[in-house]
Amino acid sequence: MGADDTADKNQGRQIPIVCPGHTRPLAELQFIHVSGENRTLLISACHDKKPMVRDGITGDWIGTFVGHKGAVWCCRLDPSGNLAATASGDYSVHVWDAITGKDLYQLPHNHIVKTCDFTPNSKWLATGGHEGIIRIYDLLYPKNAPLEIPQSSGSKIGINKCSWLSNNVLLAGGADGCIRFWQIDSLKSPGNLIHVLKTEDGVEIRDMEITNTTASRQILSVAAGDKVYFFNLADRSLMHSYKMPIHFREEGGVSLHPSGELFVAGGSDLWVRVFATATGQELECHKGHHGPIRCLRYSPDGSTYASGSEDGTIRIWKTHPDQ
């Protein structure tokens, strides 16, 4: 790297907001904007068994959900901010009252659960994990048996991430490097596999995010192996794939800015990096964490992004620190 390159990357140098509180490696982060209350929330999953909710702007702690007996791998707030769901290594998913912290439902599984997600209308909750089975629960009748969708008729394919594209189309990212699109019209009938996207090398999907950009496009961001991928969900075409200076074999993630023009990535080293989406050029590189980066997400308005590390801290960075 030349001197000019170093100077350019240091232009965005900044001191982030540091959010202590967790005691083990972070596993996942999610921002939501609660429009009715005009506030932004940040929820975090951690191996310390205690997911937390914070103010998404200041990083101030709001509350902790207590009840899991194993590492929490995934956390989600529903669009209203009234419900939270957490998936854990204790073979369960918990659904919480996000206002009071009350443990509403415990949904038992037969193995480690790695992911969960609410439909946009908050009626259904999807889960997935080491069993290789997507389960979909009706939150109006949480005691009813869920719809179960095996990812494969043969060997079990673990599921690391799932995200609802709409109220009846679910994307599931697997350990086999495939993202499967499932159409679910009813919980009384089997889901239909309508499409499969694959990473170039067939390596395990480590992270996956759907972004509704300001240009009215839905883009799927994927981190797998040592590459990031961006798919246009309108026609399911690959827009870009870039080899990263890090790998995502055990940790890390990618998040696309709402404009679609920038993305942030982190993984096997201590650095949080910002890139140009159109070219893959590295624009900024920030050091502050004392362990590998486990998860990253942009805030809904794109003004900040959060990173979670193996060091047990969350850091909130400004997208444009000079503004």
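A: Lys243 counts as exposed, because its relative accessibility is 61% and the cut-off for that class is over 50%. In this predicted model, the side chain of Lys243 meets that of Asp226 in a salt bridge, with N and O 2.3 Å apart. Asp226 lies in the loop between strand 19 (218–224) and strand 20 (227–232), whereas Lys243 belongs to strand 21 (residues 237–243), so this pair ties together parts that are 17 residues apart in sequence.

Salt bridges with shared partners also join Glu28, Arg76, Asp117, Lys161, Asp207, Glu209 and Arg297 into one network. Within it, Glu28 forms a salt bridge with Arg76, and their closest N and O atoms are 2.9 Å apart. Since Glu28 is in strand 2 and Arg76 in strand 6, the pair ties together parts separated by 48 residues in sequence; both Glu28 and Arg76 are buried. The side chain of Arg76 also meets that of Asp117 in a salt bridge, at 3.1 Å from N to O. Here strand 6, which holds Arg76, is tied to strand 10, which holds Asp117, so the link spans 41 residues of sequence, and Asp117, like Arg76, is buried. In total, the structure holds 18 salt bridges.

The largest pocket contains about 890 Å³ of space, and among the elements that give two or more residues to its lining are strand 2 (26–34), strand 6 (72–77) and strand 10 (113–118). Strand 2 gives the most, with six residues, while the lining by class has 15 nonpolar, nine polar and six charged residues.

Conventions: Residues numbered from 1 in each chain as written. Predicted model: local features only at pLDDT ≥ 70, side-chain atom pairs only at ≥ 80, totals over all residues. Heavy atoms only, no water. 1 Å grid on protein atoms, 1.4 Å probe; cavity = no way out; pocket = protein on both sides within 12 Å on 5 of 7 lines; lining within 4 Å. Points joined across faces, edges and corners; volume = space filled by probe spheres on them. Helix = DSSP H or I, 4+ residues; strand = E, 2+ residues; numbered from the N terminus. Nonpolar A, V, L, I, M, F, W, Y, C, P; charged D, E, K, R; others polar. Salt bridge = Lys/Arg side-chain N within 4 Å of Asp/Glu carboxyl O. Buried < 20%, exposed > 50% of the residue type's maximum accessible area, 1.4 Å probe, protein only.
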